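Subject: Structure for your review

Dear colleague,

Please find below the structure that I am handing over to you. My notes on it follow directly after.

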Amino acid sequence: MSRFHKIWSIVCVLTSALLIAGCARPGTPDGGPYDETPPQVVGARPAEGAVGARSKTIEIYFDEFVKLENASEKIAISPPQINQPEIAANGRKITVKLIDSLKANTTYTIDFGDAIVDNNEGNPMGKYTYTFSTGDSISGFEVSGKVLNARNLEPIKGILVGLHADTTAQAFTSKPFDRMARTNGSGEFTIKGVAPAHYRIYALQDADGDFVYGQKSEMLAFSRADISPRSFPDQRADTIWRDSTHYDSIRMVKYTHFVPDDIVLLAFNENTLDRHLLKSERLVPEHFDVYFTAPSEHRPVIKGLNFDDSKIIAQYSEKNDTVIYWLSDTALVHTDTLSATLTYMENDTTGVLVERTDTLDFVSRLPRSRQLKLEEEAYKEWEKQQEKLKKKGKEYQTEMPPAPLNLTITGNGSLDLYDNIHFRSPEPLSEVDTSMFHLYIKEDTLYLPADYEIEPVEGSAMEYVLYGEWRPEQQYLLRVDSAAMKSIYGKVSQKVEQRFTIPSLDKYCTFTASITGRSDTLVIVELLNSGDNVVRSQRTEGGKANFFFVKPGSYYMRAFIDRNGNGEWDEGNYELDRQPEEVYYFPSPLTLRAKWDQEQEWNLLQTPLIKQKPLAITKQKPDKEKKIQNRNEERAKQWKK
């Protein structure tokens, strides 16, 4: 190798080593600072705020490449578009192609929310709305507020909120909205581009995309009060920030205040589904079931065609939308197909309830041949077990006993003062011998007979309740003799013996809610757990709801105005112009302590409705605000280390 080549090789090696060392040295910039500048609009066609526009294609230009995030959820176009517009981001441009014809003398708004971010770092542009008009002026009023679930005051995300200049009740069910917006994660909405006029406002969880309340499954909210948008000059505090965590001062800034900005809409689902026969089935030989799509005050009537219908026991659900027909005759249980006519009430095409009769076949999923095979297998298994016992010289059975009736019994171990013991059978009962139930209370070391009553649960052939005169800190013994209960299939209950203790009064507290702010006497107060579920409920008397023997702990409190006095919260009805029953939340948690008698005064109207429900039990949390990540600042801190 020549001297030149040797020298050149050494230079190359040294150069490579220096480059590698330089790359390995920490703190050296690796491509320059991150882009933390949000995208900016540099132009549009038609121009933003243009009047007399005629083009249905809108192009918005930016100073850098952009993209859209969750466009279908965040972008709202007003007036609403029956045919879905085409919206796409391509390079430094967003294109919106409207399919519907443009309306004359109308302001159009395309509210992007915070869907626009830059393509590389995802820096959010912030809330952005593009506006143009087909007339000679821009309508610039705004209407804002919040949509809550009427039952639990949960913010509703993504529901449409719309205005109708036609203030008749028929507009909501026959015409698309004039203007609309969509709620965010806090249930908040702002309808922009509103012209001065009188409006009615609605919310709609639009299922079919026609912006009209036409399906009874759609959640809705309505107000019968007219609203008239207006504005006035106002000022608000503005914080001047030094950096992301420190501010220098607060100044007052002038702005245009649009009202109304405090509308509250309470959304609900109407309980007015059309009633039809949903399905019928016979999954097991012992019963067949009938299901309806909606409740009814009228119970269906069944007539057997190939069997005696007096041999069936009907078990109805609370609202008669499900019926279980138990077969009390074993001959019917063994019949693979049962035919019957079922007469019931259903809604016709006009929505009117009419009587209808269907002929139905109830075919067992477990035919008699399969039943016999299973019974034979069970007998052989029992016979095998008895033979093993006999060979070992142990006690064995000579006749296979009937299957036991497995009861579900509450109260084992501990029973609250306000509770009772429930006996639930998996199938209808034919005989109950109450003399075979025995309750004892422990006195010193002896168990002595205690007073009790046992009664069937009204409307049920499968449940009994034992009521006792419970004493705090006392131990009890419950004995139930074998065969105390017998089912319609001959199964008998087994012997039961269980002990339980009634807690001392020191384990409870008494709580009273003193209600003011409403003159209604029909108020029901509910104590809730941390999951927003009802633990106890109590109707007020004289403005007070008294809860006795409450377990200590942390609770929340809700109340509703029981207008019809049925003890249940009821939804609204648009056709009948009926709002849902009003609901209120106590804004703070309650800490109930053992051995304390606590009273809480509660003015239902003192706290604004939108601020009542505690955030701890609010399931719909606000949308996480998009922020620039300040990655350059973080990297600078790392370099300093």
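Is Leu-592 buried or exposed? Leu-592 is buried, its relative accessible area being 3%; buried means under 20% relative accessible area, exposed over 50%, and partly exposed in between (1.4 Å probe, protein chains only).

Before I continue, two remarks on conventions. This is a predicted model, in which local features need pLDDT of at least 70 and side-chain atom pairs count only at pLDDT 80 or more, while totals for chains, interfaces and linings use all residues. Residues are numbered from 1 along each chain as its sequence is written, and side-chain values use heavy atoms, with hydrogens and water left out.

Surroundings of Leu-592

Leu-592 belongs to strand β43 (residues 590–592). Helices (H or I, at least four residues) and strands (E, at least two) are DSSP runs, numbered from the N terminus. Setting aside neighbours within four places in sequence, Leu-592 is in contact with Cys-509, Phe-511, Val-550, Pro-552, Gly-553, Tyr-555 and Gln-598, where contact means heavy atoms within 4.5 Å.

A three-stranded sheet

An open sheet is formed by 3 strands in the order β4-β7-β9, with antiparallel pairing; two strands pair if DSSP finds at least two bridges between them. Strands β4 (76–78) and β9 (128–133) stand at the edges with a single partner strand each, so one side of each has no neighbour in the sheet. From one strand to the next, the twist averages 10°, taken between axes that are lines fitted to C-alpha atoms (for helices over the stretch in contact), with angles running from 0 to 180 degrees between N-to-C directions. Strand β4 is joined to β7 (residues 107–113) by 3 bridges, and the two run antiparallel. Within this sheet, Ile-77 stands opposite Ile-110 in β7.

Salt bridges

The search of the whole structure finds 27 salt bridges, a salt bridge being a side-chain nitrogen of Lys or Arg within 4 Å of a carboxyl oxygen of Asp or Glu. The following may be of interest to you.

- Asp-577 and Arg-224 form a salt bridge whose closest N and O atoms are 2.9 Å apart. The pair links distant parts of the chain, 353 residues apart: Asp-577 is in the loop between β41 (553–561) and β42 (583–585), and Arg-224 in the loop between β15 (220–222) and β16 (230–241). Asp-577 is partly exposed at 43% relative accessible area, and Arg-224 is partly exposed at 26%.
- Lys-544 forms a salt bridge with Glu-599, with 2.6 Å between the closest N and O atoms. Lys-544 lies in strand β40 and Glu-599 in strand β44 (residues 597–603), so the pair ties together parts that are 55 residues apart in sequence. Lys-544 counts as partly exposed at 32% relative accessibility, as does Glu-599 at 49%.
- Lys-380 and Glu-376 meet in a salt bridge (3.4 Å, N to O). Both lie in helix α5 (residues 368–391), 4 residues apart, about one turn of the helix.
- Arg-45, Glu-59 and Lys-93 are linked in a network of salt bridges.

A nonpolar surface patch

Tyr-418, Leu-505, Phe-548 and Phe-549 form a nonpolar patch on the surface, together having about 380 Å² of accessible area. Patches are made of residues with over 30% relative accessible area and no salt bridge, like charges being joined within 9 Å and nonpolar side chains (Val, Leu, Ile, Met, Phe, Trp, Tyr) within 5 Å; accessible areas come from the Shrake-Rupley method with a 1.4 Å probe, and for residues only the protein chains shown count as cover. Phe-548 lies in strand β40 (residues 544–550) and is partly exposed at 46% relative accessibility.

Backbone geometry

Most residues other than glycine have a negative phi, and most peptide bonds are trans. The peptide bond from Ser-78 to Pro-79 is cis, with omega near 0°; Pro-79 is placed in the loop between β4 and β5 (86–90). Another cis peptide bond joins Val-259 and Pro-260, with omega about 5°. Leu-153, although not a glycine, has a positive phi of about 55°, and Leu-153 is buried at 4% relative accessible area. Asp-532 likewise has a positive phi, near 65°, and counts as buried at 9% relative accessibility.

With kind regards
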